[in-house]
Amino acid sequence: VGINEEILFRGFLLGYLVQRMSRLGAVITSALYFAGMHFLNTSIDPSMAEAGWWSGIGMVQDAFTSILARFQLDTFLALFTAGLFLAVLPVYVPFGLAYCMGLHAGWVFVIKFARYVTRESLTSAWSFLICDFDDVIGYLSASWLLVLTLLTMRYFRNRRLCSRTL
């Protein structure tokens with residue numbers, strides 16, 4: 001998942017957008033697409049006997065019409081800030097796409113592992129900080145990812161390690 005999504009969103013999409021708009025606009029736009037695409041899902045699951053050349057069209061239509069029904073602000077903000085952080089790395093760091101792939105794969109592993117070894121407590125006063133999208137991300141992860149993104153940008157701007165800036 002980490003490799004495929006990073007090639008799509010940071011490799012192709014961010015690379016394309018950086019050539020056509022400001023770096024900051026490209027980072028924000030790619031993060032918006034990254035967050036939004038995570039809400040695509042379909043409930044249609046045809047069996048092999050029912051599948052035909054038209055099956056994909058119905059599944060895509062169902063996926064796009066269900067985006068608003070699945071949308072959650074806390075999930076969107078967490079995914080958007082993750083997209084910002086992952087888009088900033090290729091702008092500042094040589095071979096940043098490789099770092100993005102590793103980080104993304106690591107995040108997926110941590111989310112899967114955390115769901116396996118922890119249990120959500122809905123009665124906790126802090127339960128609003130995570131969402132039911134995956135029981136891990138939410139306002140808390142959005143907050144620390146935003147701080148991490150800003151600190152990363154400041155670090156690389158101050159060090160002038162790369163001639164590219166937002």
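A: Buried here means under 20% relative accessible area, and exposed means over 50%. The model is a predicted one. Of the chain's 166 residues, 36% count as buried.

Start with the fold. The chain holds seven helices and zero strands. Among contacts with a separation of 6 or more, 68% join residues 24 or more positions apart.

Now the core. In soluble globular proteins, nonpolar side chains tend to be buried together. The largest nonpolar core of this chain has 31 residues. Val 27, Phe 80 and Tyr 92 touch the most other members. At least two residues each come from α1 (2-20), α2 (23-37), α5 (73-92), α6 and α7 (139-159). The largest share belongs to α5, which gives 13 residues.

Ser 30 sits in helix α2. Its relative accessibility is 0%, so Ser 30 counts as buried. What does Ser 30 contact, leaving aside neighbours within four places in sequence? The partners are Phe 9, Arg 10, Leu 13, Leu 14, Leu 17 and Ala 87.

Next, α3, which spans residues 55-65. Its buried residues are Ser 55, Asp 62 and Ala 63. These cover an arc of only 100° around the axis, so they lie on the same side of α3. Part of their cover comes from α4 (67-70). The face turned away from this buried side carries exposed residues: Ile 57, Gln 61 and Thr 65.

The chain exposes about 10500 Å², with 67% of that supplied by carbon and sulfur atoms. One nonpolar surface patch covers about 590 Å². Phe 109, Val 110, Phe 113, Tyr 116 and Val 117 make this patch. Phe 109 belongs to helix α6 (residues 96-117). Is Phe 109 buried or exposed? At 55% relative accessibility, Phe 109 counts as exposed.

To recap: α5 gives the core its largest share, Ser 30 is buried at 0% relative accessibility, and Phe 109 is exposed at 55%.

Note on methods. Residues are numbered from 1 along each chain as its sequence is written. This is a predicted model: local features need pLDDT of at least 70, side-chain atom pairs count only at pLDDT 80 or more; totals for chains, interfaces and linings use all residues. Side-chain values use heavy atoms; hydrogens and water are left out. Buried means under 20% relative accessible area, exposed over 50%, partly exposed in between (1.4 Å probe, protein chains only). Helices (H or I, at least four residues) and strands (E, at least two) are DSSP runs, numbered from the N terminus. The arc is that of the directions from the helix axis to the C-beta atoms. Contact means heavy atoms within 4.5 Å. Patches are made of residues with over 30% relative accessible area and no salt bridge: like charges are joined within 9 Å, nonpolar side chains (Val, Leu, Ile, Met, Phe, Trp, Tyr) within 5 Å. Accessible areas come from the Shrake-Rupley method with a 1.4 Å probe; for residues, only the protein chains shown count as cover. A salt bridge is a side-chain nitrogen of Lys or Arg within 4 Å of a carboxyl oxygen of Asp or Glu. A nonpolar core is a set of buried Ala, Val, Leu, Ile, Met, Phe, Trp, Tyr and Cys residues joined through side-chain atoms within 4.5 Å.
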